[in-house]
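What follows is a walk through one protein model, taken a piece at a time. Please keep the sequence and the structure in view while reading.

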Amino acid sequence: MPLSDYARPSPARIRLFLSLLLMLVLTAVFGRRRPGELGTRESLRHSSFTRVMFMDIGALSTLGALYLVVNGRTPVRVPAAVASLCVGSFALLPALAFEDWTALREERGERQE
């Protein structure tokens with residue numbers, strides 16, 4: 001499947017968003033702390049790499065929120081963008097999937113009329 005299939009709203013792109021969300025939820029639910037792990041606070045305190053990655057996640061959430069506000073067309077875009085600043089991809093991925101789903105429905109409705 002060429003990458004151009006993901007350039008605009010499509011069923012493939014919706015499946016991608018929902019698959020990523022599913023993996024995220026499954027990891028959150030079933031991912032357990034392993035023996036010998038430092039934990040979040042200790043990792044942030046002791047590892048500059050962990051601090052940089054934590055900041056990177058915040059930057060990507062902010063970019064995702066901005067993308068959603070600027071390019072979104074549904075009323076969900078603003079609340080989802082704000083929520084993504086707090087819970088990241090847990091809010092961003094479903095909102096992006098909803099935006100694509102709505103765009104595809106509108107496109108199909110225009111073709112039928």
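In this predicted model, the side chains of R13 and D100 form a salt bridge, with 2.6 Å between N and O. The two partners come from distant parts of the chain: R13 sits in helix α1 and D100 in helix α5, and 87 residues separate them. Both R13 and D100 are buried. The side chains of D100 and R13 are also joined by a polar contact of 2.6 Å.

What else surrounds D100, leaving out residues up to four places away in sequence? D100 touches P9, S10, R13, I14 and F17. The C-alpha atoms of D100 and F17 lie 9.8 Å apart in space, although the two residues are 83 places apart in sequence. D100 has a relative accessibility of 4%, so it counts as buried, the cut-off for that class being under 20%.

The structure holds 2 salt bridges. Besides the pair already described, R45 and E42 meet through their side chains, at 3.0 Å from N to O. This pair is local: R45 and E42 are 3 residues apart in helix α2, which covers residues 40-46, so about one helical turn separates them. R45 has a relative accessibility of 56% and therefore counts as exposed, because the limit for that class is over 50%. E42 is partly exposed, with a relative accessible area of 28%.

Helix α1 can be taken by itself. It has 20 residues, and the distance from its first C-alpha to its last is 28 Å, close to the 28 Å expected at 1.5 Å a residue. The residues of α1 that are buried are A12, R13, I14, F17 and L21.

Helix α3 has 24 residues, which should span 34 Å at 1.5 Å a residue; the C-alpha atoms at its ends are 34 Å apart, so the two values agree. Its buried residues are S61, G64, A65 and L68. Which residues does L68 contact, leaving aside its neighbours within four places in sequence? They are R77, A80, A81, L92, A95, L96 and E99.

Helix α4 is represented here by A83. This residue has a relative accessibility of 29% and so counts as partly exposed. Setting aside residues up to four places away in sequence, A83 touches G88 and A91. The C-alpha atoms of A83 and A65 are separated by 8.6 Å, and the two residues are 18 places apart along the chain.

The remaining residues belong to helix α5. One of its residues is L93, which is buried, with a relative accessible area of 10%. With residues up to four places away in sequence left out, L93 touches F17, L20 and L21. L93 and I14 are 79 residues apart along the chain, while their C-alpha atoms are separated by 9.2 Å. D100 is also placed in α5, and I14 and F17 are among the residues it touches.

Helix α5 also contains both F98 and W101, which are 3 residues apart, about one turn of the helix. How are the rings of F98 and W101 arranged? Their centres are 5.8 Å apart and their planes lie at 40°, so the pair is tilted; planes count as stacked under 30 degrees and as edge-to-face over 60. The count for the structure comes to 1 aromatic pair. F98 is partly exposed, with a relative accessible area of 33%, and W101 is partly exposed as well, at 41%.

Key:
Residues numbered from 1 in each chain as written. Predicted model: local features only at pLDDT ≥ 70, side-chain atom pairs only at ≥ 80, totals over all residues. Heavy atoms only, no water. Contact = heavy atoms within 4.5 Å. Helix = DSSP H or I, 4+ residues; strand = E, 2+ residues; numbered from the N terminus. Expected span 1.5 Å × (residues − 1). Buried < 20%, exposed > 50% of the residue type's maximum accessible area, 1.4 Å probe, protein only. Phe/Tyr/Trp six-rings, centres within 6.5 Å; stacked < 30°, edge-to-face > 60°. Polar contact = N/O pair within 3.5 Å; in protein donor to acceptor, adjacent residues only side chain to side chain. Salt bridge = Lys/Arg side-chain N within 4 Å of Asp/Glu carboxyl O.
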